[in-house]
Amino acid sequence: MKDMTAANLRSAFGGESQAHMRYKIWADVAEKEGFANIAKLFRAVSFAEQIHATSHFAVLKDVTGAFVVTSMAGFGIGRTKDNCAGAVAGEQFEINEMYPTYKNTAEFQAEKNAERSFLWALETEKEHAKLFLKAKEAADKKQDTSFKKIYVCRVCGYTHEGEPEGKCPLCGAPREKIEVFEC
Ligand SMILES: [Fe+2]
Ligand SMILES: [Fe+2]
């Protein structure tokens, strides 16, 4: 694999792994503050970030050894409204800078599997940003979100509010590959 794409996959693996954990921690904060549905949103998205980390790691299967990995990752445990704002900012960085750049580099370097893994993450993060923005707006008013269900594709991580209507709209995985989180 080309060096720059491999480095980008490692960085993205680091970023997604940390987002996976950070959202779990922020889910617990939301739970304690009485935002049960926002907690479920954090847990569903945490699961999606695990899918992305796993996908990036799988694409790197032939790159072995230890590497220092630099990733953009948010820190801090604030109140839920602050954590939602932090989540929106993190997702927007991935949408506006990180994943388009990584995806274009992979395309230029003809690394098809990496390009697909970055595309799956990029398109999913757009949904995450929308969901966290709704959660932030609710938390700012000291309200919980009113999502009924959130689904996550176990293949590509695609996340959406509601019930899946059939195949995954992002990767085409069958309905049985989609996990539904009840809120
Ligand atoms: Fe995300
Ligand atoms: Fe999918």
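This is a predicted model: local features need pLDDT of at least 70, side-chain atom pairs count only at pLDDT 80 or more; totals for chains, interfaces and linings use all residues.
Residues are numbered from 1 along each chain as its sequence is written.

Let us start with helix α2 (residues 36-59) and helix α4 (residues 112-140), which pack at an angle of about 165° with their axes 10 Å apart. Helices here are DSSP runs (H or I, at least four residues), strands are runs of E of at least two, and both are numbered from the N terminus. The axes are lines fitted to C-alpha atoms over the stretch in contact, and angles run from 0 to 180 degrees between N-to-C directions. α2 and α4 are therefore roughly antiparallel to each other, a term for angles over 145 degrees.

Where do α2 and α4 meet? Residues of α2 including Ile 38, Leu 41 and Val 45 meet residues of α4, among them Trp 120, Thr 124 and Leu 131; contact means C-beta atoms, placed from the backbone, within 7 Å.

Now turn to two loops. Ala 110 lies in the loop between α3 (80-108) and α4, and its phi is near 55°, a positive value in a residue other than glycine. Ala 110 is exposed, with 10 other C-beta atoms within 10 Å (exposed means 12 or fewer, buried 20 or more, and partly exposed in between).

In the loop between α4 and β1 (149-153) you will find Lys 142, whose phi, near 60°, is also positive in a residue other than glycine. Lys 142 is exposed, with 11 other C-beta atoms within 10 Å.

Definitions and conventions
Chains are lettered from A and ligands numbered from 1 in the order in which they are written. Angles under 35 degrees count as roughly parallel, over 145 as roughly antiparallel, 65 to 115 as roughly perpendicular and the rest as oblique. Two residues are in contact if their C-beta atoms, placed from the backbone, lie within 7 Å.
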